[in-house]
Amino acid sequence: YRQEIQVEDIYIECARAVVQNQDLTELSQRFQEDLIELMLNQKTNKTYFYNFFIFNVLYFLKLSERKFDELLDITEDAIQFFNSKTDFSPIALFDQKFKKGYALLNLGRINEAMRVYEECKAMGPNPANIAWFNIHSYIYFSAVIQRKYDYALNIFSEVVNNRHFAELNKSFKEPWLIKEAYLNFLIKMKKVDASAYDLHSFKIGKFLNEVPLYSKDKRGYNIAIIIIQLLFFLLDRKFSKFIDRMDALNQYSYRYLRNNDTLRSNCFIKMMLKIPDTNYHPIAVQRHTKNLYKTLTSTKPDIREHSSNIEIIPYETLWELVLELLEKQKGG
């Protein structure tokens, strides 16, 4: 019992730091001696709560170091342990499988990540709980990376038709409205067959009114909101509105997208801003954005647990769609 209290206290501190997106380096150093003792105790202490806490503590500390191979090893050890305990609550097993999927996603092993997330879904989380919505979010994200847009639409439909969706806090509901905006873009680009679904016709003004919380967020989902605005201005040939946004976007990019975490977003927005300079000609756009695109593709996406869907569609894929759109408009 003393060991459980000790590891639970460390777990709470680590979990709080992760939720607040803080650096765990100081915590890792402070708890180094404790962790050695706790890991030794794990060899003999096979209780549910002790192992639930210790596996999560190890996971959180490796998460802060972005060591996804080691994260994967921790989750696989945890899954093996909890699988062997048939009388334990399935919550721990679900939690560790979820974390395994996240590690695989960051390692670029998308097919494996999708299989793990589907296993989590098959475990039957309560549709009234946030865990149900979270697992669907990661399945959606994995499907989009794989360009399985019809399946992504199916997952989206399943979520918004869940009777508990309307009860969600804005911070959980608005990301799905942002996904809907991108799905509407894919539908307009004829990448999705939406004939079986009742999606609302997308209007940028109405959409912005529906996402007030993340419209004010300067580094997270707001980036996705800005980009979908630009995409629909292009799609609807509202070139004057596209140009009107340029000065504000340049200032926004300079002020808020200057660190390594936002490098990909900065590159993509700057690529979009080159489009009017080339008179919306796809070949000229490619030529003028060559260096930016090289920087974008050489920078690995930073998929964080609490902001994993900033790139609602990976920027490389989104850029292909932009060039395709410009090519169609040139032909038209």
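The questions below concern salt bridges in a predicted model.

Q: How many salt bridges does a search of the whole structure find?
A: The criterion is a side-chain nitrogen of Lys or Arg within 4 Å of a carboxyl oxygen of Asp or Glu. Searched over the whole structure, the number of salt bridges is 16.

Q: Which helices hold Glu37 and Arg2, and how many residues apart in sequence are the parts that the pair ties together?
A: The side chains of Glu37 and Arg2 meet in a salt bridge, at 3.9 Å from N to O. Glu37 lies in helix α3 (residues 32-41) and Arg2 in helix α1 (residues 2-19), so the parts tied together are separated in sequence by 35 residues.

Q: Is Arg2 buried or exposed?
A: Exposed means over 50% relative accessible area. Arg2 has a relative accessible area of 54%, while its partner Glu37, with 32%, is partly exposed. Because the cut-off is 50%, the class of Arg2 is exposed.

Q: What distance separates the closest N and O atoms of Lys121 and Glu158?
A: Lys121 is partly exposed, with a relative accessible area of 23%, and Glu158 is partly exposed at 30%. The two residues form a salt bridge, and their closest N and O atoms are apart by 3.1 Å. The pair links distant parts of the chain, 37 residues apart: Lys121 is in helix α7 and Glu158 in helix α9. The distance asked for is 3.1 Å.

Q: Which residues do salt bridges that share partners join into one network with Glu65?
A: Glu65 forms a salt bridge with Lys67, the closest N and O atoms being 3.2 Å apart. Glu65 is partly exposed at 34% relative accessibility, as is Lys67 at 36%. Through shared partners, Glu65 is joined into one network with Lys62, Lys67 and Glu70.

Conventions:
Residues numbered from 1 in each chain as written. Predicted model: local features only at pLDDT ≥ 70, side-chain atom pairs only at ≥ 80, totals over all residues. Heavy atoms only, no water. Helix = DSSP H or I, 4+ residues; strand = E, 2+ residues; numbered from the N terminus. Buried < 20%, exposed > 50% of the residue type's maximum accessible area, 1.4 Å probe, protein only.
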